[in-house]
Amino acid sequence: MDTAKLSKVLYEIAKPLGYRRKGNLFWKKGPELTMLIHLQKSRWSPGVYVNFGITPTAMVTRSVAPSVEYWPHGDRARSLESPFSDAFLRMEFDDEDKMAPEEMVDAFRWLLSYLESTYGDAEAFRARTLAKYADRDVAGFIIPDWANRTLKEPSEYWKDSRAPYYRKST
């Protein structure tokens with residue numbers, strides 16, 4: 001599948017909803033949470049993976065959102081129970097490059113709607129997160145710290161100097 005054409009299809013749907021784009025990375029910053037989508041070309045086939053996730057908006061420290069390896073909460077679109085699971089899976093295994101990007105329009109609309117309904121209300125997501133981790137010590141993890149209103153500076157979570165997105169410029 002032509003990733004550039006697929007990105008264009010997604011952006012035509014996502015832009016009116018407030019998403020920005022750089023290459024195959026799409027993000028929508030909210031006051032508390034930033035929703036993210038990344039179209040990842042497979043190394044093994046012509047297929048494309050659709051990664052999605054969120055990060056606290058405070059973790060977006062540059063003009064472009066961080067790439068998928070920095071998202072504290074995310075998954076692949078095919079893993080969701082949805083009417084489009086098969087479409088996302090077919091896209092990943094499109095070994096013969098037969099799927100047209102336009103075939104994903106409804107699936108992308110559904111994914112954007114899912115992100116909004118699941119993460120668009122930050123306080124509702126905060127409550128679900130607090131309930132999920134109520135009986136566990138998860139201090140020091142980004143999403144639970146955000147939910148507990150104890151989020152630290154990004155450099156506290158990404159002390160590794162190999163983390164260029166959060167590396168302090170000298």
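Predicted model: local features only at pLDDT ≥ 70, side-chain atom pairs only at ≥ 80, totals over all residues.

Visitor: What makes the packing of helix α1 and helix α3 oblique?

Guide: Helix α1 (residues 3-14) and helix α3 (residues 105-119) pack at an angle of about 50°, and their axes are 10 Å apart.

Visitor: Which residues of α1 and α3 meet?

Guide: From α1, the residues are Leu6, Val9, Leu10, Ile13 and Ala14; from α3, they are Val105, Phe108, Arg109 and Leu112. By class, this contact has eight nonpolar residues, one charged residue and no polar ones.

Visitor: Why is the pair of phenylalanine 52 and tyrosine 114 called edge-to-face?

Guide: Two rings pair if their centres lie within 6.5 Å, and planes over 60 degrees apart count as edge-to-face. Here the centres are 6.0 Å apart and the planes stand at 80°, so the pair is edge-to-face. Phenylalanine 52 lies in strand β4 (residues 48-56) and tyrosine 114 in helix α3, 62 residues apart, so that the pair links distant parts of the chain.

Visitor: How do you know whether phenylalanine 52 is buried or exposed?

Guide: Buried means under 20% relative accessible area. Phenylalanine 52 has 3%, and therefore it is buried. Tyrosine 114, at 22% relative accessibility, is over that limit but not over the 50% required for exposed, so tyrosine 114 counts as partly exposed.

Visitor: What makes tyrosine 119 and phenylalanine 125 an edge-to-face pair?

Guide: Their ring centres are 5.1 Å apart and their planes are at 80°, so this pair is edge-to-face. Both tyrosine 119 and phenylalanine 125 are buried. A search of the whole structure finds 11 aromatic pairs, and ring pairs link Phe52, Trp110, Tyr114, Tyr119, Phe125 and Trp146 into a cluster.

Visitor: Why is glutamate 92 called buried?

Guide: Glutamate 92 has a relative accessible area of 2%, which is under the 20% limit, so the residue is buried. Glutamate 92 is found in helix α2 (residues 85-92). Apart from residues up to four places away in sequence, it touches Ser45, Gly47, Val48, Tyr49, Arg76 and Arg78.

Visitor: What covers the buried residues of α2?

Guide: The cover includes α1, β4, β5 (73-76) and α3. The buried residues of α2 are Ser85, Ala87, Phe88, Met91 and Glu92.

Visitor: How do you know that alanine 77 is buried?

Guide: Its relative accessible area is 0%, under the 20% limit, and therefore alanine 77 is buried. Alanine 77 lies in the loop between β5 and α2. Leaving aside neighbours within four places in sequence, alanine 77 is in contact with Val50, Phe52, Phe88 and Leu111.

Visitor: Why is arginine 149 called exposed?

Guide: Exposed means over 50% relative accessible area. Arginine 149 has 56%, so it is exposed. Arginine 149 lies in the loop between α5 (142-147) and α6 (154-157).

Visitor: What is the phi of arginine 149?

Guide: Arginine 149 has a positive phi of about 60°, although it is not a glycine. Most residues other than glycine have a negative phi.

Methods
Residues numbered from 1 in each chain as written. Heavy atoms only, no water. Axes fitted to C-alpha atoms, helices over the stretch in contact; angles between N-to-C directions. Helix = DSSP H or I, 4+ residues; strand = E, 2+ residues; numbered from the N terminus. Contact = heavy atoms within 4.5 Å. Nonpolar A, V, L, I, M, F, W, Y, C, P; charged D, E, K, R; others polar. Phe/Tyr/Trp six-rings, centres within 6.5 Å; stacked < 30°, edge-to-face > 60°. Buried < 20%, exposed > 50% of the residue type's maximum accessible area, 1.4 Å probe, protein only.
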